[in-house]
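Hello,

Here is the structure for your files. My notes on its cavities follow below.

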Amino acid sequence: MTSTTLTKPRAASAAAITALALVLASCAGSQGPADAAPGDDAEPAEEISADDPDDDSASAGLSGELEGAGASFPNPVFQDWAFEYSSEVETGVQINYQSIGSGGGIEQFLQQTIDFGSSERYLRDEDLEAGAAARGCAAIQFPVLFGAVTLAFGDDEMEGLVLDAETIAGIFQREITHYDAPEIAELNPDRDLPNTEIIPVHRSDGSGTTSVFTTYLEDAAPNWTLGSGTEVQWPAETLGGQGNEGVTAGIEQNPGGIGYVNQAYAIVNDLATAAVVNEDGHAVQATLEATTEALEVLEIPDSFQFDILGVGGEGFPIVGANWIFAWECGYDDDTAEMLKHYWTWATQDQVAIDLARDLAYAPLGDGLRPRVQEVIDLINSQE
């Protein structure tokens, strides 16, 4: 097997995502306290009404287009948010979001070719310094949701296969090449494992999902040698896919395929997923509840620069945040108002929160939402 990049990934259609959301919405009301996120006290968010003239998120008669680009990790819910906002909240506003990967989102944002960027890798201090020098004011960043990075399979028979960090590292470094390898058999003593070759599928583009995945392995797997970041040097005998969509296609096209994708892609494409052993030795599959559990002890600094590591309890151990990037100056008044209104709605409104939960993303908790709102209000504040 030689290294390959999938250049024509099959993305989940908007229709499929919308259909899934409609099905899951019917049971959304049954979610319990585990739906909380950092700082949440399990109380539902106060619903924002578009008819309330005193609320900053109420309909403001805005008109225009917003251009954003970046992570494929949140793309399913970003597309649902854009549709809902333009259809029901501000019908004069069009949100155009391009799922090009976190690396591209950071690059285009710092080059000032888009209105907002998106990534699962927060802006480092050097990024912020470069941005301020180029723009003449500060870049701002704020998290908007959290999601699990799942290990998904092309073979339905692999559903619930138990893996730990060292075994995952061995698979993606091509040290473990078949599903009946002793390392996997030891973790799954009651399963009859096939002698199928494992086909690891990774991101070929600069990817925040890769950053979350490799940062986890660097922290949890002593045998991991490839480092961490939006791009690493993968072994030759692996497959590369563009975006979460491309990795999903690579997994589906190979019976022995295994790849790391955001949980929403596994749900929409009905992929089998692994149970991953966390810090406390519990094998946990990615669910909304397990993602939320991973966040309960997370302390988020005022800079919003953080990683999610060392997850125990019943939490799923590979979890990332998605950040939005914007500027404190340089927008025209209409663009600035649209940006503030849209991201206020996306992070504060109960409809938007429910859309995220329907696709198994954990929204901001009650304690975090006002902190994020303070940063959103800084958009264009230096004009």
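Helices (H or I, at least four residues) and strands (E, at least two) are DSSP runs, numbered from the N terminus. This is a predicted model, where local features need pLDDT of at least 70, side-chain atom pairs count only at pLDDT 80 or more, and totals for chains, interfaces and linings use all residues. Residues are numbered from 1 along each chain as its sequence is written, and side-chain values use heavy atoms, with hydrogens and water left out.

A cavity is a set of points, on a 1 Å grid over the protein atoms alone, where a 1.4 Å probe fits but cannot get out; lining residues have an atom within 4 Å of a point. Points are joined across faces, edges and corners, and a volume is the space filled by probe spheres set on them.

The count is two cavities of 30 Å³ or more.

**Largest cavity**

Its volume is about 130 Å³. The lining has 15 residues; Glu 120, Val 212, Phe 306, Asp 307 and Ile 308 lie nearest the centre. α7 (208–220) and β13 (319–327) each supply at least two lining residues. β13 gives the most, with four. By class, the lining has eight nonpolar, three polar and four charged residues. (Nonpolar: Ala, Val, Leu, Ile, Met, Phe, Trp, Tyr, Cys and Pro; charged: Asp, Glu, Lys and Arg; polar: the others, Gly among them.)

**Second largest cavity**

This one has a volume of about 30 Å³. Phe 78, Ala 82, Ile 95, Tyr 97, Phe 116, Tyr 342 and Trp 343 line it. α2 (75–89), β3 (93–99) and α11 (333–348) each give two or more of the lining residues. The lining has seven nonpolar residues, no polar and no charged ones.

Best wishes

Notes
1 Å grid on protein atoms, 1.4 Å probe; cavity = no way out; pocket = protein on both sides within 12 Å on 5 of 7 lines; lining within 4 Å.
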